[in-house]
Amino acid sequence: MAEDDNAATHRALKSMETAFGRRMADAVTLAALASRISASAPGPEANKFHRSAENFTDDCNALSKKINSAIEAAQRKVDLGEKFNRLVDEARHMATEERRALESGTAELNTPEKVAARMAEISGFWNRSQRELSVCNDELKKSVTPEKAAANDEALTQLNGEFTALGSQLQELSAALGAKKEDREKLSDRSNRVRNDVNVLFMELSDLDPVARNTAELAAQQEQVAAMEGQLAEKEAELQTALVAWDDALAAGTVTQSQWASNRATAEDVTKLITKAKKKLAQRGKKVKQATGELEAVQSNAADLVRELNAARESEALSAAATVSDPGNQAEKLKQLKDSLKNIGSRVDDFVSDCKLLIRTAGPDTDTAELDKSLQEVCDTWSEVSTALASREREVDAAVQQLGRYEDAYKALLNWLEETEELMENQRPPAADAKVAKAQLHAYDVLLKHIDDKDFSVKGFSALIAKIIAMTTVEEEVKSLKNHDEEINKRYNDLVSAAHDRQRRLIEAVDLAERLSEGIVPLESWLYQAEKRLNALGKIPADVEKMEEQLHEQRDLDEEIYQKGQDVDRILAASRRDALF
């Protein structure tokens, strides 16, 4: 190594120093002897001998200084060589240990950042060591043989190659880890994308519009449900594919066990969310399908009712021209038609109820124009048929009067009176609810108009009786005719009077129900507050001042109760009047 020549020189100089130390002792002894000779036998010879001894001593001291300087210089060269060897050993040891750690996998360099930090650390160490080694080598070249200098240069070249190879290994490791990191980030992005897409789908599912009430929108909502089901299935498949990719990455060492476990936990949450979304979407699809079936049933029922009502309107009983040959037969056909329309009327009522239920249960801002149109069409057709039937009945009654078919007219009026009286008897009492009472009043107005319209027939019947009476002289017939006339007029007038009386009571019931509704709401609110205040007054305080405050509050409450008494009496009176109806 580099220190061999310098160490040998140093050892030789140290041996020379030891030997010269003995010579210095002899020089000192000789100087002392010359000093004693000069003291005991002074003279020229003694002085000469003394000067020779001093010169010898001085020469020995000068030579000792040179030897010491040479020893120091040799020691510095020895230290420089040892430092060079130590630096070489340290660098070689570090390179060897780092390479062994890389090969055995104990370096814990599992991220590009850690590899970069380790590369920077090793590079810094080698740069420092290389500078020191270069300085030492340059100094050593001045004192070692060319062979030693070449060996030192070779050692530096070998170390540089080792560190270059180590750097290449670390760069390869960094590139591999970078590729793994990129693959891991792609896997994370893939999982995150699936999770975000599922979250977006779930939010969209929560923000869906209410179930529609028209055919086009319901079909669109069914397609929307199917599309979202497809998207959920697609995302579920993507999630499973991503999980398989994570398993492969774990086996390949691209991801760690903790990263794999974290992704697995996230995937389980996403799976639960997908299951929840599927359940919610299935419920949505069921509601849409149910609404579609109900809407189709309503529309089909509307079409059937309109078709049957149109057929009734175009039937011979209503469409044939009025004849005077056989009005009794026409009256019979009208009766049959009217009987057949009773079932249709019941179906119309059911249809109106079902249609209004669908409209009422629709969500806010839901388009119900299609249902409204069907409802209006059925109601209008029913009204037209009912009006045509009533008009036709009047025509037949007029024909009966013109032909003098007294018995037919009499029976027709009796039948109508019996039916109408029965209908009047079957009327429900006025409801306490304002909305229901208004609906009853509206329905009753139609019945009242029907009764008022019959006035023409009753008067025509009376005119017919008068004509018949003028034509006969038989007292019993006249009496019978007058009795029939009085009977019809009395029953009809009683019916009209009862109808108007019920209309008046319905109007009063609507007014009372509205007033009662307006009075009860604020009174209930006041009663609730008063009850809370009264419950608070039930706790008797021990403090006199608080007791006086409570007494003052009690008086205020009594005053309010007294003042509210009139409101309560008014509402109770209104309730009793409403109950009388």
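Which side chain meets Lys 459 in a salt bridge? Select Lys 459 and Asp 455 in this predicted model and you have the pair: Asp 455 is the partner, with N to O at 3.0 Å. Now colour helix 12, residues 455-471: the two sit four residues apart in it, so about one helical turn separates them. Lys 459 is exposed, at 54% relative accessible area, while Asp 455 comes out as partly exposed at 25%.

While salt bridges are on the screen, select Asp 197, Lys 235 and Glu 238: shared partners link these three into one network. Zoom in on one of its links, Lys 235 to Glu 238, where the closest N and O atoms are 3.4 Å apart. Both residues belong to helix 5 (residues 215-252), three residues apart, or about one turn. Lys 235 counts as buried, with 13% relative accessibility. Glu 238 is partly exposed, its relative accessible area being 25%.

Next stop, helix 3, residues 112-140: pick out Arg 118 and Glu 121, again three residues apart and about one turn of the helix. Their salt bridge has its closest N and O atoms 2.7 Å apart. Is Arg 118 buried or exposed? Arg 118 counts as buried, because its relative accessibility is 19% and the cut-off for buried is under 20%.

Methods. Residues numbered from 1 in each chain as written. Predicted model: local features only at pLDDT ≥ 70, side-chain atom pairs only at ≥ 80, totals over all residues. Heavy atoms only, no water. Salt bridge = Lys/Arg side-chain N within 4 Å of Asp/Glu carboxyl O. Buried < 20%, exposed > 50% of the residue type's maximum accessible area, 1.4 Å probe, protein only.
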